[in-house]
Amino acid sequence: MRSTRSSPVVPAATEGAMTMAQMMEIMRALQENVKASRIEQAKMHEDLVASQASNEELSKVTEELRQALQEQRGRTVVEEVAPSSPPCVFPMLFAQAITDTPIPASVVPVKPSFLGVEDPEAHLTTFHTQMMLSGGSDAVYCKMFVSTL
């Protein structure tokens, strides 16, 4: 026995059927989208090539600067190590009274040295604090401060 009902899966010939004109319109729209995408892709590729060229140029300049800096540092180290003239007799930095003042055993040697890259005020504060804790006269302060430079 056969069923007289139509299958719900198969649509009727007129329901939801797309006309040839509608299909052609959709195809044209898709072709325009593809064309626009290709143009955008070509522009992005040009930008990428330009960016890569710029990056290569910047890399070369950076490398040249790095080498120049290394050469400059090398010259600076050589200049600092090899003085232009032999050292002479050191002049007296202080008055004879300061030079003759002995450093008491209670004064702890100051450890931090000032290299010129730190904050000078912080160095002075640290030195003053250490000297204040150790005790000592102004003459001792003068003698000990020179050793931190």
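**Order of elements.** I started at the N terminus and read the elements of the protein chain as α-α-α-α. My tally for the chain is four helices and zero strands. I took both from DSSP runs, where helices are H or I with at least four residues, strands are E with at least two, and numbering starts at the N terminus.

**Ground rules.** I am working with a predicted model, so I kept local features to pLDDT of at least 70 and side-chain atom pairs to pLDDT 80 or more, while totals for chains, interfaces and linings use all residues. Residues are numbered from 1 along each chain as its sequence is written, and my side-chain values use heavy atoms, with hydrogens and water left out.

**Whole chain.** I looked up the burial next: 9% of the 149 residues in the protein chain are buried. For that I used relative accessible area, with buried under 20%, exposed over 50% and partly exposed in between (1.4 Å probe, protein chains only). The accessible surface of the chain is about 13200 Å², and carbon and sulfur atoms hold 62% of that. These areas come from the Shrake-Rupley method with a 1.4 Å probe, and for residues only the protein chains shown count as cover. I then checked contacts (heavy atoms within 4.5 Å). Of those with a separation of 6 or more, 58% join residues 24 or more positions apart.

**Core.** Which residues form the largest nonpolar core? I found five: Val-107, Phe-127, Met-131, Val-140 and Met-144. Helix H3 (120–134) and helix H4 (138–146) each give at least two residues to this core. My criterion was buried Ala, Val, Leu, Ile, Met, Phe, Trp, Tyr and Cys residues joined through side-chain atoms within 4.5 Å. I also followed Val-140 by itself. With neighbours within four places in sequence set aside, Val-140 touches Thr-101, Pro-102, Ile-103, Pro-104, Val-107 and Met-131.

**Salt bridges.** I searched the whole structure and got three salt bridges. The test was a side-chain nitrogen of Lys or Arg within 4 Å of a carboxyl oxygen of Asp or Glu.

- I have Arg-28 with Glu-25 at 3.2 Å, N to O. Both lie in helix H1 (residues 20–81), three residues apart, about one turn of the helix. Arg-28 is partly exposed at 43% relative accessibility, and Glu-25 is partly exposed at 47%.
- I have Lys-43 with Asp-47 at 3.6 Å, N to O. They sit four residues apart in helix H1, so about one helical turn separates them. Lys-43 is exposed, with a relative accessible area of 53%, whereas Asp-47 is partly exposed at 43%.
- I have Glu-63 with Arg-66, the closest N and O atoms being 3.0 Å apart. These two are three residues apart in helix H1, again about one helical turn. Glu-63 is partly exposed at 34% relative accessibility, and Arg-66 is partly exposed at 45%.

**Surface patch.** My last stop was a nonpolar patch on the surface, made of Met-18, Met-20, Met-23, Met-24, Ile-26 and Leu-30, with about 610 Å² of accessible area together. Patch members need over 30% relative accessible area and no salt bridge; like charges are joined within 9 Å, and nonpolar side chains (Val, Leu, Ile, Met, Phe, Trp, Tyr) within 5 Å. Met-20 is found in helix H1.
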